[in-house]
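Please keep the sequence and the model in view while working through them.

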Amino acid sequence: MENPVKVDPINSLNDFVIKFANVNGTGSASANQMFAKSIFRMGIPISPKNIFPSNIQGLPTWFEVRVNNKGYLGSRGGVDIAVAMNPQTYSQDVKEISEGGYLLYDSTWKRNFNRDDITILEIPLTQLCVDSFTNAKQRALFKNIAYVGALSPLLEIEYEVLEKLISEQFVNKPALIEPNIKALNIGRDYVLKNLPYPIGINVKREDKLKDKILVSGNDACGLGAVYGGATFCSWYPITPSTSVAEGFEKYASKYRVDSQTGKNNYISVQAEDELAAVGMAIGANWNGARGFTATSGPGISLMSEFLGLAYFAEVPLVLFNIQRGGPSTGMPTRTQQSDILSCAYASHGDTKHVLLFPEDPQECFEFSAEAFNLAERLQTPVFVISDLDIGMNDWVTDKFEWDDEQKYDRGKVLKAEDLDQMDNFGRYLDVDDDGICYRTYPGTHPEKGAFFTRGTSHDEYARYTENGDINEQTLTRLVKKFRTASELVPDPIINLSEKPGSSGVIFYGSTSAAMYEAKDILNENNIEVDLMRIRSFPFNLDVWEFIENHDLIYVIEQNRDSQMRTLIMAEGGISAEKLRSLVWFNGDPIQAKFIAKKIYERESQQALIT
Amino acid sequence: MSYFKPINKHPNLEKNKLGLTRRDYEGGVSTLCAGCGHDSISACIIEACFRLNIEAYKVAKLSGIGCSSKAPAYFLNASHGFNSVHGRMPSIATGANCANEDLLYLGVSGDGDSASIGIGQFIHAIRRQVNMVYFVENNGTYGLTKGQFSATNDLESKNKYGEDNLFPPIDLTSMAIQMGASYVARSFSGDRDQLVPLIMGAIQHKGFALLDIISPCVTFNNHDSSTKSYDYIRNHNEAMGKTDFVPLGEEIKTNYDEGSSVEVKLHDGSRLSLEKTDHNFDPTDAGNSLELIRKKNKEGKIITGLLYVDNKCKPLTEIMDLPDKPLNTLEQEELCPGSEVLEEINKGLS
Ligand SMILES: Cc1ncc(C[n+]2csc(CCOP(=O)(O)OP(=O)(O)O)c2C)c(N)n1
Ligand code: SF4
Ligand SMILES: [Mg+2]
């Protein structure tokens, strides 16, 4: 092959970024996923990311996989190999390739890309598929499988792994196995006969992924809701949250069916809008079923009135907010952490909500299940706040665990027997002095325990009152309840360096992956930092202690206004100078290099060369 | 403020089959204006529940926001109530209904609540056939916010200050029939004899039952130029034939002439016997009902009575094929697949 490269080609084992450029709706997604999974199956950590515009068919879409044997799962930036399947975006895709990188493209239509510093791999994919398949749909579809087949000898992906993935994928449609394998071979054989292989970038089996799984955050949230005992789901479609409800339905339809009657022990209702979605979930919870809704920023705005009602009337509710780029419709298919404040204080009046911030799918599962315990224990809305990056991308994550001994915490609910023993039931009586009162489900007892739930001011017996003192007492008790909440929500994860007097770093959610890598970069450059990953709101004493113990803290977030920093300042009276805001909000997942660079520059007063 | 107590306080209060008196179905003291139609409706709800031997604790009273939506506090004290947010009661009802279909759901709303801010939820609850009785206490005005026009106010009906209403009304009954409501009646808060059996029928009906009840607002919409005043309704009410509610196992006592009555069997076996004023009218034919409503509207008459009933409809919980055991009673053993299954799921993801 004629391709005089003027720069030494990249040589790298188990550490590179490959980016696939495709046309939306051409069936590339499953081929790309198969590629990613094959490397995962070879025991090498990967982090795949979908980069897709807000449309369904015909426009560009990308799939990027970072392969990294150290297990860094954050976005790295840069592209070492591009598989360019979309002529519309050739110029952009080719420009992105690092010096010494590689370009694989469909050479059925030859191109001159004007780059003499990269290796160009020409494979006439369309022609090969036209020659081998008669059906037009198959010809188009199998191009994708063919390039995966070609990558096998080029990168030294174990061919058997790919074959096995295909047979697994089509276990229920065995007729499709043969043509898929054929397509795989078309790509592979072409490389074996026509191109020098392997190239400088390779994969080699490792044993790094014992007890790891590959799953998306939204799938994990849906599964967590099944394990957490949710029986009611109401939702309105919105990217990137839709797959939470879909995940719930997928797992519930398999694992939540009554073995005798064959009926579903759950219901999922696609509501007419987010107002109805949250209203239905509140209605179900009021009636004693564990119910949830899933949405994204615009949905939170619509749900706000109801969230105030659930807060003030003290009705449990679990709400998933899979954040996307805002404001307004914003960047609906990009990621951000920009709903922190709108969730923390959602609704009019003095409202505050319990928030959970999972960092990856494993925590999505755990927090999703736990959110139902918290919501019922605290009788208030609990938000699981994830984002598009965690939610819609597959992550290498610890396998899910469940302790069969652990019982659901259904909170303070009085049964008929309890009511029989009581003369004085008051729905909003703070009997235990923790701000949490006892509730009853409708239909519990013929004479006792009925009450009137309302969003208007009410006394301890749920009676309407306009007495300002009583309303002040209610609002003050809710603050007490919030304090109780701070003792129940997940603790922050604190990781102190060896060096006393180091600066602190606060981060949360999907920033984790990049942060762990940034810490290593900083350490290599002799900068030590103490890390605190916030996992929930309200903040508990550990959070305040960490802040107290540091003179300078970087707060790293994926939003413009440093919303978590604002929340910390507002809730703890922390001075602005102490908390240095470090923000990234372009809609792409945050990168370690960015974090390391910014912290290094401030800490050492010089630039970081990486 | 009125302390409107419509029922007899005689010590020898009549008892129903549960040994309960009407007093046992009462609620708190009403804070609505003296003479407000909404209070009369509450009294009819009490009467209907008393006569049907309803166990009040098995009832959930739901409402939105408005004078009308306050009403659930004034009947059935032994029931749980949920006074939610403006126009959003239907979604609360939908969720609650799915969690436990064994309760009787009485939703109380106003014309502002249902025909304006909440019209979307109203329509979708109908469309989903939520099993509930949905009362619209329709006064053509926003009572609680002091007399603004509502979307059910007739075009020619001026407000208290003589201002013209510029937009035509939404007819909730015909809209509900078109959306698939399976029991649709219109009545008048002042016509207790008509309203009580209609409520009883609605309670026994399985599916979405709409009762659009003209309920005059004495404070803001009872003037001479209003078409929702007591006087106007009395003069223009065209009541369909008498409706009798016949409980399961009882004989029909009323004797109408041959062909002049029609009987509708309800889900529990009880029946509604309707006297026919128009021999061609068939309340199970939606086209027929819509035509009748349209015709009477055009004539400037307010047609009241049972307008439409579909006694074969499937309520939401049946459409969704929910288990017989209410979702809110399922225990962890039935809900949580457990660690072994999770291990399998893990395998599938590795
Ligand atoms: C979101 C919201 N907007 C406005 C209001 C103010 N508001 C309270 S009741 C009401 C109208 C009620 O009218 P209707 O439902 O007809 O009840 P009525 O008082 O006439 O019985 C309005 C606009 C509110 N409570 N909430
Ligand atoms: S303002 Fe009108 S609707 Fe409200 S209580 Fe008074 S009479 Fe009834
Ligand atoms: Mg009104």
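**Exercise 1.** Determine how many residues of helix H6 (residues 172-179) of chain B are buried.

*Solution.* Step 1: a residue is buried under 20% relative accessible area, exposed over 50% and partly exposed in between, using a 1.4 Å probe and protein chains only. Step 2: helices are DSSP runs (H or I, at least four residues) and strands likewise (E, at least two), numbered from the N terminus. Step 3: six of the eight residues of this helix are buried, so the helix is mostly covered. Step 4: the buried residues of H6(B) are B:Leu172, B:Thr173, B:Ser174, B:Met175, B:Ala176 and B:Ile177. Step 5: B:Gly180 follows H6(B), and its phi is positive, near 105°.

The model is predicted: local features need pLDDT of at least 70, side-chain atom pairs count only at pLDDT 80 or more, and totals for chains, interfaces and linings use all residues. Residues are numbered from 1 along each chain as its sequence is written, chains are lettered from A and ligands numbered from 1 in the order in which they are written, and side-chain values use heavy atoms, with hydrogens and water left out.

**Exercise 2.** Identify the residues that coordinate the magnesium ion (ligand 3).

*Solution.* Step 1: donors are N, O and S atoms within 2.8 Å of the metal (3.2 Å for Na, K and Ca); water is not among the atoms, so sites may look incomplete. Step 2: B:Asp111 (OD), B:Asn139 (OD1) and B:Thr141 (O) coordinate the ion at 2.0 to 2.1 Å. Step 3: along the chain, the donors of the magnesium ion (ligand 3) are spaced as D-x27-N-x1-T. Step 4: distant parts of the chain are linked here, with B:Asp111 in helix H4 (residues 111-117) of chain B and B:Thr141 in strand S5 (residues 141-142) of chain B, 30 residues apart. Step 5: B:Asp111 and B:Thr141 are both buried.

**Exercise 3.** Describe how helix H4 (residues 136-155) of chain A packs against H6(A).

*Solution.* Step 1: two packed helices are described by the angle between their axes and the distance between the axes. Step 2: axes are lines fitted to C-alpha atoms, for helices over the stretch in contact, and angles run from 0 to 180 degrees between N-to-C directions. Step 3: the axes of H4(A) and H6(A) come within 7 Å and cross at roughly 45°. Step 4: H4(A) is therefore oblique to H6(A); angles under 35 degrees count as roughly parallel, over 145 as roughly antiparallel, 65 to 115 as roughly perpendicular and the rest as oblique. Step 5: the crossing of H4(A) and H6(A) is right-handed, a term used if the near helix is turned clockwise from the far one by less than a right angle, anticlockwise being left-handed. Step 6: among the residues that meet are A:Phe142 and A:Ile145 in H4(A) and A:Asn180 and A:Ala183 in H6(A), where contact means heavy atoms within 4.5 Å.

**Exercise 4.** State whether A:Asn180 is buried or exposed, and which residues it touches.

*Solution.* Step 1: A:Asn180 is located in helix H6 (residues 177-194) of chain A. Step 2: its relative accessible area is 5%, so A:Asn180 is buried. Step 3: leaving aside residues up to four places away in sequence, A:Asn180 touches A:Phe142, A:Ile145, A:Ile166 and A:Phe170.

**Exercise 5.** Classify the arrangement of helix H12 (residues 361-378) of chain A and helix H15 (residues 468-488) of chain A.

*Solution.* Step 1: these helices pack at an angle of about 155°, with their axes 11 Å apart. Step 2: H12(A) and H15(A) are therefore roughly antiparallel to each other. Step 3: H12(A) passes H15(A) in a right-handed crossing. Step 4: A:Leu374, A:Arg377 and A:Leu378 of H12(A) meet A:Lys481, A:Ala485 and A:Leu488 of H15(A).

**Exercise 6.** Locate A:Phe537 and describe its surroundings.

*Solution.* Step 1: A:Phe537 belongs to strand S21 (residues 536-537) of chain A. Step 2: with 1% relative accessibility, A:Phe537 counts as buried. Step 3: A:Phe537 and A:Leu356 lie 181 residues apart in sequence and 6.5 Å apart in space, C-alpha to C-alpha. Step 4: not counting residues up to four places away in sequence, A:Phe537 touches several residues, including A:Ala344, A:Phe482 and A:Leu567.
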